[in-house]
Amino acid sequence: MKHIRPIFGLLFFFILYLWNFPIVFETNDLLGRFDWDLYSFHVEFLRKSYLEFGSFPLWNPYYGAGFPVWENPSSKIGSFTHLFALFLPSITALKISFIFYFALSGILNFHSFQLYNRSSQLTSIVFVCLFQFSGYFFQKFYAGHMNQIQGLFLPAFIFYFLYFLRTNGKWILFFPILIAYILLSEGSIYTITQISFLLVGLSLWEIYNSEDKKRACFRFVWISFFILLVLSFKWIPMFFFVHQVGRYFVPDQFPLQFSDLYSIFFGSSQHPLLSQSLAKMQYRYWEYGNYLGQVPLYLFPMLAFTKRKLWFVLILFVFTIWIMIGKGYGLSPVNLLEQIPIYSLERVYPRWSLSVVFLYVWCLAEVIQTFSEKFKVNYRVYFYCMVLILLTYHTLDVRKMNTKFLHEIFVLTPPTIDIQNKEPYPITVNAVPDYGSDSKMFPAIRRNLSINDIYENLTFYFSNQSMESKDYHGEFYLYPSLQTIKPVQWKPDQYSFGSIPKGQILVINQKYHPGFVTNIPDVTPCSWNGYLAVTATNKNNNFKIYYSYLQGILTFHQPWLICKSQ
């Protein structure tokens, strides 16, 4: 029972904070604004592949002329969100996953903080509440940035990792591996890059303070290698894909000003349409906001009482703010980070406010722990009551600021689409009518349409012919006869045909990818002007072409195979 009490404390504050959150579940018949369409689309494809085709999703043919699924960080394949989508509608699955991750990360953050810092239960609760009730996560929820919500797990990953360096408790390995898998499966690339940066500095500090530095170094190498080894089945193909196809961003051209920091951390509004523009800010407002609340601001001077062992954390805290401000001048650490491949593609450095809050709240919670230890045991209860009252006030304050606009998210009516697709496979169209979201892919996949809208930061782009084009010959046709041909059986990553006439080229209205193979040993898919195609050397019956994950990994860096008669 003693170990269950703090869970009830966390539950109390979680319920208090999320009191007006259920409103987002009252509008299942409406779609979300901003980026909700993009992530709903990815989840809907996974759901559609399993439930409609009984197919393990490896190739997504519904947008951008086809995309590999496992290698794409936005796909959410194998994630908890993916699991929820098998039983719930896609948008509901995303909403449920937010609550699930919020609760799971809260428990792990509490456990790991108490484990590594040897803190009291109250101090651990303060840390969890101040970190998780920050505006960062609810802004991301509001904007539909569902690949950044998993930043909730940043403290737990770091504390479990550092605790292993200190104690070599092998049972602890399960937690960083689980968290790393969650981050990879949900596409939380920004969180992974920040964790990597923080771990380098904090691990070196942990090793420096270790009584057995040689053994601590060995543990660092061992746990890093083991985590990467276990997760390589997901990390390696994603790494190859992203670095092969490239990424493009709209970078910030102007650095933040020092005066902007108050608005970012303690501003009164996180609504992107109501916030005041920051100095020379180029990107959208929610990328910069991270409301902490006024109570942490008033407690800021207490950092002067930080324990000596946390001086390095304070230095790292200031340095991370320096990163967040951006390219202010030649000595900015951003200029150095951008020379490292993993950081050279960061788009918005103020997203590092996630790490700033983590480091600040860590120090602040430890200061509260230090003050509690200075009270006599008989008087600590009064100190604890004061802390709980302040925490309750803080919870009510940030709840009012961070969830007051949730009712404005799911207000979009699905567009009216006149195209009726009676085929089991999608028909390519340029786009569907705009309905107010940044992307329009979700309504298209619900109508079994493939569109050229590719709302992702990937340059792996090939616009296939749409049915509105005069050069459109169908989703499957023969060349040079231009005869339309229909598959006998179709799945998103597998096409079966009765027979292909000898000498004809079967052209599929999808982009060529070297991961496609056939069931005939001497017939290999090739590129026909960038389209996926097959040259029939003989008249073949029961011809199949399908996407192979293993083949895609083995041949991804090889030159494209061009159709001979092209």
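Author: In this predicted model, proline 480 is placed in the loop that runs between strand S7 (476-479) and strand S8 (489-491). The peptide bond that joins tyrosine 479 to proline 480 is cis, with omega about 15°. As a general point, most peptide bonds are trans, and a negative phi is found in most residues other than glycine.

Two loop residues have a positive phi without being glycine. One of them is alanine 65, with a phi of about 65°. Alanine 65 sits in the loop between strand S2 (59-60) and strand S3 (67-68). Its relative accessibility is 0%, so alanine 65 counts as buried. Arginine 118 has a positive phi of about 55° and is likewise not a glycine. Its place is the loop between helix H4 (90-117) and helix H5 (121-132). With a relative accessibility of 63%, arginine 118 counts as exposed. A positive phi also occurs at glycine 144, near 80°, where this residue follows H6.

Helix H6 (residues 135-143) is itself largely enclosed by the rest of the structure, because nine of its nine residues are buried. Among them are the aromatic side chains of Tyr136, Phe137, Phe138, Phe141 and Tyr142. Lys140 and Gln139 are buried in H6 as well.

Isoleucine 451 belongs to strand S6 (residues 449-451). Its relative accessibility of 0% means that isoleucine 451 counts as buried. The C-alpha atoms of isoleucine 451 and glycine 66 are 9.7 Å apart, although 385 residues separate the two in sequence. Leaving aside residues up to four places away in sequence, isoleucine 451 touches Tyr62, Tyr63 and Gly64, as well as Val429, Asn430, Ala431, Val432, Lys440, Met441 and Ala444.

The helix packing may be taken next. The axes of helix H13 (residues 311-325) and helix H15 (residues 353-374) come within 9 Å and cross at roughly 160°. H13 is therefore roughly antiparallel to H15, and their crossing is left-handed. On the H13 side the contact includes Val313, Leu316, Phe317 and Met324, and on the H15 side it includes Val356, Leu359, Tyr360 and Trp362. The residues of this contact comprise 11 nonpolar, three polar and no charged.

Helix H7 (residues 154-167) and helix H10 (residues 213-245) pack with their axes 8 Å apart, at an angle of about 135°. This angle makes H7 oblique to H10, and the crossing is right-handed. Phe157, Phe161, Phe164, Leu165, Arg166 and Thr167 of H7 meet Ala216, Arg219, Phe220, Trp222, Ile223, Ser224 and Ile227 of H10. The contact of H7 with H10 divides into nine nonpolar, two polar and two charged residues.

The protein contains 18 helices and 14 strands. Its radius of gyration is 26 Å, close to the 24 Å that the globule rule gives for 566 residues, so the protein is as compact as a globular protein of that length. Along the principal axes, the C-alpha atoms fill a box of roughly 90 × 55 × 55 Å. Of the 566 residues, 59% are buried. Among contacts with a separation of 6 or more, 75% are between residues 24 or more positions apart.

Definitions and conventions: Residues numbered from 1 in each chain as written. Predicted model: local features only at pLDDT ≥ 70, side-chain atom pairs only at ≥ 80, totals over all residues. Heavy atoms only, no water. Axes fitted to C-alpha atoms, helices over the stretch in contact; angles between N-to-C directions. Helix = DSSP H or I, 4+ residues; strand = E, 2+ residues; numbered from the N terminus. Parallel < 35°, antiparallel > 145°, perpendicular 65-115°, else oblique. Left-handed = near helix turned anticlockwise from the far one by under 90°. Contact = heavy atoms within 4.5 Å. Nonpolar A, V, L, I, M, F, W, Y, C, P; charged D, E, K, R; others polar. Rg over C-alpha atoms; globule rule 2.2 N^0.38 Å. Buried < 20%, exposed > 50% of the residue type's maximum accessible area, 1.4 Å probe, protein only.
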